[in-house]
Amino acid sequence: MTFTDHALDEVIVDPFGIFSDHALVTCQLLEKVGQATTAERLARGWRRVDRIVLGHILEDSLLCQPVPEDADIDDLFATYDDVLRRAADSLAPKHPLRLPASRLAPWFDDDCCHARRHCRRLERHYRRTSSADDRRLWVDAVRGRLRLYRAKKEAYWLDRLSQNGRSSPLVWKSLKTMLGRDRDTSGATGHTADGFAAFFTRKVDDVMTSTAGKPAPPVFDSASSSLSSFRECSMTEVRRIIMSSPIKSCTLDPVPTFLVREYVDLLLPYITRMVNSSLQQGRLPDSQKHALVTPLLKKPGLDTSNMANFRPVSNLSFMSKVVEKAVSRQLNEHLSDQGLMPRHQSAYRKHHSSETAMLRVMSDALTAADQRRVTLDLSAAFDCVDHALLLQRLQRTFGLSGTVLRWLTSFVSGRSQQLAYTAVSYHRLSQYCLKSHRSPF
């Protein structure tokens with residue numbers, strides 16, 4: 001049975017001239033095949049990098065030489081990036097890599113691949129011989145392959161759930177992947193990176209326009225002491241920050257994070273100087289304020305043709321996160337020692353959870369609704385932050401001044417971004433033969 005708009009060609013009934021539902025019918029039809037085009041990008045073979053040669057390159061570079069006390073912060077970060085990129089170009093040059101349109105299942109390993117090839121080989125042999133024995137071998141191999149798939153899948157997910165048993169977010173993430181709820185089945189969209197960049201910029205402008213002219217909230221002078229300068233970070237502290245950071249890398253990084261951690265003892269004096277120079281000079285280099293933004297669908301199944309269903313995910317360089325964590329630790333120490341941490345602050349605090357914050361917000365929203373009061377819309381909350389008001393509160397309410405305030409001002413200003421987005425298109429018109437045949441099962 002075919003659709004009415006599908007044209008058939010070369011319809012053959014075997015045996016000819018006999019009207020029976022047991023006859024073999026073959027035909028040809030022109031159909032659009034849902035085969036995705038493969039994407040190609042440049043990649044580096046980081047795992048094949050000669051570690052001994054890389055160590056010698058770093059030892060002979062400027063990263064292992066004494067750094068002047070008055071070195072400019074921009075020059076320090078530029079040298080770090082240049083040396084590591086030259087080493088990467090020498091030991092792991094970029095090469096084209098073809099990416100399939102869809103990824104294999106995470107449990108699909110070499111054993112599954114070998115079983116699939118074995119079944120295809122037996123099927124081709126049976127198609128040539130039409131032997132009952134060859135058919136039986138093919139059927140048995142297919143059934144064994146399905147049993148192997150089932151065992152591999154169960155073993156993978158049981159192991160993954162046991163590893164994530166102590167983390168509720170990771171367990172829920174695994175369950176969503178297992179149930180297929182994180183799949184994007186809506187197809188290609190045809191959006192462009194420029195279109196997303198304009199949309200996100202317009203979204204922030206609309207928020208700022210809608211809140212313009214509103215009375216500013218009051219700012220109180222409640223700080224009893226001031227934090228005007230950062231203390232110098234030790235190499236032990238910087239090493240702890242690097243080793244405790246997630247092994248994530250950004251395209252903006254000259255080398256992946258795992259290589260930095262492998263050679264952390266060799267690079268530690270230079271990285272420590274970079275961190276301390278940024279804190280002492282009171283600014284973050286412009287190169288570390290550049291972000292790579294990727295639009296991701298907010299929830300699986302949403303309409304991908306609507307840009308409002310996407311949220312921007314910003315990726316920053318690893319070194320910018322190291323400096324940011326060094327600053328964050330000293331700020332938390334100051335706020336905790338002076339008792340300036342808000343009572344209901346749950347995010348970015350030890351022994352606190354976002355669950356308590358959500359319960360508080362839900363309670364306040366329900367109370368406001370019972371009293372017929374307006375509740376603030378918390379969507380795009382970070383887009384509503386006024387940087388000038390934020391810096392004013394940091395100065396008057398939390399007692400930040402001098403180099404500390406200059407660093408925070410540099411951190412929130414002069415930022416740049418580039419947006420990366422690839423839309424996979426499905427198009428191929430092919431002519432192939434559809435033959436009706438019974439399943440081997």
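**Close-up 1. Helix α10 passes helix α13 in a left-handed crossing.** In this predicted model, residues are numbered from 1 along each chain as its sequence is written, local features need pLDDT of at least 70, side-chain atom pairs count only at pLDDT 80 or more, and totals for chains, interfaces and linings use all residues. Side-chain values use heavy atoms, with hydrogens and water left out. A crossing is left-handed if the near helix is turned anticlockwise from the far one by less than a right angle, and right-handed if clockwise. Helices (H or I, at least four residues) and strands (E, at least two) are DSSP runs, numbered from the N terminus. The axes of α10 (residues 318-337) and α13 (residues 402-412) come within 12 Å and cross at roughly 135°; axes are lines fitted to C-alpha atoms, for helices over the stretch in contact, and angles run from 0 to 180 degrees between N-to-C directions. The two helices α10 and α13 are therefore oblique to each other, given that angles under 35 degrees count as roughly parallel, over 145 as roughly antiparallel, 65 to 115 as roughly perpendicular and the rest as oblique. Val323, Glu324, Val327 and Leu331 of α10 make the contact with Val404, Trp407, Leu408 and Phe411 of α13, where contact means heavy atoms within 4.5 Å. By class, this contact of α10 with α13 has seven nonpolar, no polar and one charged residues (Ala, Val, Leu, Ile, Met, Phe, Trp, Tyr, Cys and Pro count as nonpolar, Asp, Glu, Lys and Arg as charged, and the others, Gly among them, as polar).

**Close-up 2. Helix α7 and helix α10 meet in a right-handed crossing.** Helix α7 (residues 235-244) packs with α10 at an angle of about 120°, their axes being 10 Å apart, and that makes α7 oblique to α10. On the side of α7 the contact is made by Glu237, Arg240, Ile241, Ile242 and Ser244, and on the side of α10 by Phe318, Val322, Lys325, Ala326 and Arg329. The residues of this contact of α7 with α10 divide into five nonpolar, one polar and four charged.

**Close-up 3. Ser278 is placed in helix α9 (residues 264-281).** Ser278 is buried, with a relative accessible area of 0%; buried means under 20% relative accessible area, exposed over 50%, and partly exposed in between (1.4 Å probe, protein chains only). When its neighbours within four places in sequence are left aside, Ser278 is in contact with Ile73, Arg283, Leu284, Val323 and Trp407. Of these residues, Val323 of α10 and Trp407 of α13 also take part in the contact between those two helices.

**Close-up 4. Asp134 lies in helix α4 (residues 132-163).** With 14% relative accessibility, Asp134 counts as buried. Leaving aside neighbours within four places in sequence, Asp134 contacts His125, Tyr126 and Thr129. Asp134 and Leu122 are twelve residues apart in sequence, and 7.3 Å separates them in space, C-alpha to C-alpha.

**Close-up 5. Three strands form an open sheet of mixed pairing, in the order β6-β5-β7.** The edge strands, β6 (310-315) and β7 (416-419), each pair on one side only, and the twist averages 35° from one strand to the next. Two strands pair if DSSP finds at least two bridges between them; strand β5 (residues 290-297) is joined to β7 by four bridges, and these two strands run parallel. Val293 stands opposite Leu419 in β7.
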